[in-house]
Amino acid sequence: MPKISQKGQSMPQSPIRKLVPFAEKAYKMGKTVYHLNIGQPDIKTPQAALDAVKMHGLDILAYTRSEGSEEYRKKIANYYQKNDIHVKQDDIIVTTGGSEALLFAFGSIMDVDDEVIIPEPFYANYNGFSTASGVKVVPVISKIEDNFALPAIEEFEKLITPKTKAILICNPGNPTGYLYSKDEIKKLAEIVKKHDLFLIADEVYREFAYDGAKHYSILQEQDLDDHAIVIDSVSKRYSMCGARIGCLVSKNKEVIATALKFAQARLSPPTLAQIASEAALETPQSYFDDVIEEYVERRNVLIAELQKIDGVQVANPKGAFYCIAQLPIKNSDAFAQWLLEDFDIDGETVMVAPAAGFYSTPGVGLNQIRIAYVLNQDSLKKAVNIIKQALKVYKD
């Protein structure tokens with residue numbers, strides 16, 4: 001039998017999706033499963049985006065330009081201008097989700113065996129993207145005791161080698177919900193300029209900043225044009241995960257020209273999804289005001305309920321819609337599977353994401369879980385109570 005590639009064998013499983021078969025089995029047993037494991041918002045997609053697809057009037061569903069339609073990119077640039085991010089349409093390549101944007105970025109700036117430094121825990125698929133690109137992730141650990149704040153710049157300096165090509169952050173963070181301050185971004189800007197590195201920022205949760213805090217983009221930093229690459233997406237902003245539309249943004253002309261070659265190789269981003277995404281840009285601020293108010297209330301309920309559980313430590317997120325909770329157990333993978341297979345309260349159980357998959361350092365995060373607070377407040381209370389009762393009887 002022909003052999004699978006070493007790269008294929010090394011590709012990590014998603015810690016978010018690998019428990020799906022156990023959830024499906026729970027469904028077949030008649031159980032209700034509260035999904036705290038995946039960042040699929042229950043917020044309604046803006047009606048304008050849905051209507052744009054219904055009313056498109058196209059006779060032929062044709063290719064668009066490899067970099068995305070000109071009209072859509074113009075409107076994306078206008079969106080950024082409103083957020084004090086001054087870019088032009090030619091600084092933007094529309095991609096099939098933020099995932100493809102990150103793959104294009106990796107392919108454009110890194111060769112096999114090059115290194116990217118990432119504060120961990122980080123979005124689990126960064127491990128997969130790096131493996132697919134033949135790139136080595138070099139983690140710098142942020143700690144739950146510090147609410148997952150940016151590690152000291154000295155810790156980054158220690159890790160920089162001739163193979164280091166970039167620092168990658170997610171801001172606000174998935175899975176931590178941490179929102180980097182303007183001062184922290186400036187510190188990162190200084191280190192990438194000092195060592196001539198790229199700074200990649202995954203900013204797909206830009207709108208979700210709480211408690212009066214403001215998101216500060218790396219593209220707002222002066223003198224960083226040659227270093228800054230932003231990854232963006234409509235998935236969370238407009239609750240359009242299934243559209244699979246994102247973009248790569250950089251003022252570095254070589255980066256854009258190189259990424260365009262990758263974009264040409266896959267021909268073009270999906271046409272109907274671009275139509276929906278273009279319409280979504282007309283979403284009024286009131287939509288985001290309501291969404292943010294709802295997520296703040298959900299966060300407050302979730303954190304308050306988790307803090308009532310003996311032995312649980314939880315970081316307080318300032319953005320996105322995730323948090324990391326540390327449980328009084330040894331292995332959250334086993335606990336998460338046990339919840340689906342062997343535990344319920346009146347036919348109800350919970351699906352969580354084991355947090356070890358959000359680290360690249362072996363053995364770290366084994367007793368942590370990521371929770372996505374994308375359920376209504378009553379469901380969140382029920383879900384946390386299930387975890388509370390489960391911890392009372394669970395045996396490692």
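Helix H3 (residues 47–54) and helix H10 (residues 271–280) pack with their axes 7 Å apart, at an angle of about 145 degrees. The model is predicted: local features need pLDDT of at least 70, side-chain atom pairs count only at pLDDT 80 or more, and totals for chains, interfaces and linings use all residues. Residues are numbered from 1 along each chain as its sequence is written, and side-chain values use heavy atoms, with hydrogens and water left out. Helices (H or I, at least four residues) and strands (E, at least two) are DSSP runs, numbered from the N terminus. Axes are lines fitted to C-alpha atoms, for helices over the stretch in contact, and angles run from 0 to 180 degrees between N-to-C directions.

**Helix pair H3 and H10**

- The crossing of H3 and H10 is right-handed (the near helix is turned clockwise from the far one by less than a right angle).
- Ala48, Ala49, Ala52 and Val53 of H3 meet Leu272, Ile275, Ala276, Ala279 and Ala280 of H10.
- The residues of this contact divide into 9 nonpolar, no polar and no charged (Ala, Val, Leu, Ile, Met, Phe, Trp, Tyr, Cys and Pro count as nonpolar, Asp, Glu, Lys and Arg as charged, and the others, Gly among them, as polar).

**Seven-stranded sheet**

- An open sheet of 7 strands with mixed pairing has the order S2-S8-S7-S6-S5-S3-S4 (two strands pair if DSSP finds at least two bridges between them).
- S2 and S4 stand at the edges with a single partner strand each, so one side of each has no neighbour in the sheet.
- On average, neighbouring strands of this sheet are turned by 20 degrees against each other, direction ignored.
- H4 lies across S2, strand S7 (228–233) and strand S8 (246–249), and runs at about 115 degrees to S2.
- Helix H8 (residues 182–195) also packs on the sheet, where it touches strand S5 (164–170) and strand S6 (198–202), and its direction makes about 170 degrees with that of S5.

**Strands S3 and S4**

- Strand S3 (residues 115–120) pairs with strand S4 (residues 136–141) in the parallel sense over 6 bridges.
- Valine 116 has valine 137 in S4 as its bridge partner, and isoleucine 118 stands opposite proline 139 in S4.
- S3, helix H6 (residues 125–133) and S4 make a right-handed β-α-β unit (with the strands pointing away from the viewer, the path from the first strand over the helix to the second runs clockwise).

**Four-stranded sheet**

- An open sheet of 4 strands with antiparallel pairing has the order S9-S10-S13-S12.
- Strand S9 (313–314) and strand S12 (353–354) stand at its edges, each with a single partner strand, so one side of each is left without a neighbour in the sheet.
- S12 and strand S13 (residues 368–372) run antiparallel and are joined by 2 bridges; the bridge partner of alanine 353 is arginine 370 in S13.
- Helix H11 (residues 285–307) lies across S9, strand S10 (322–326) and S13, at about 0 degrees to S10.

**Two loop residues**

- Glutamate 67, in the loop between H3 and helix H4 (70–82), is buried, with a relative accessible area of 15% (buried means under 20%, exposed over 50%, partly exposed in between, with a 1.4 Å probe and protein chains only).
- Leaving aside neighbours within four places in sequence, glutamate 67 is in contact (heavy atoms within 4.5 Å) with Arg73, Ile92, Ile93, Val94 and Leu260.
- Threonine 96, in the loop between strand S2 (92–95) and helix H5 (97–109), is partly exposed, with a relative accessible area of 27%.
- With neighbours within four places in sequence left aside, threonine 96 is in contact with Arg244, Gly246, Arg266, Pro269 and Pro270.
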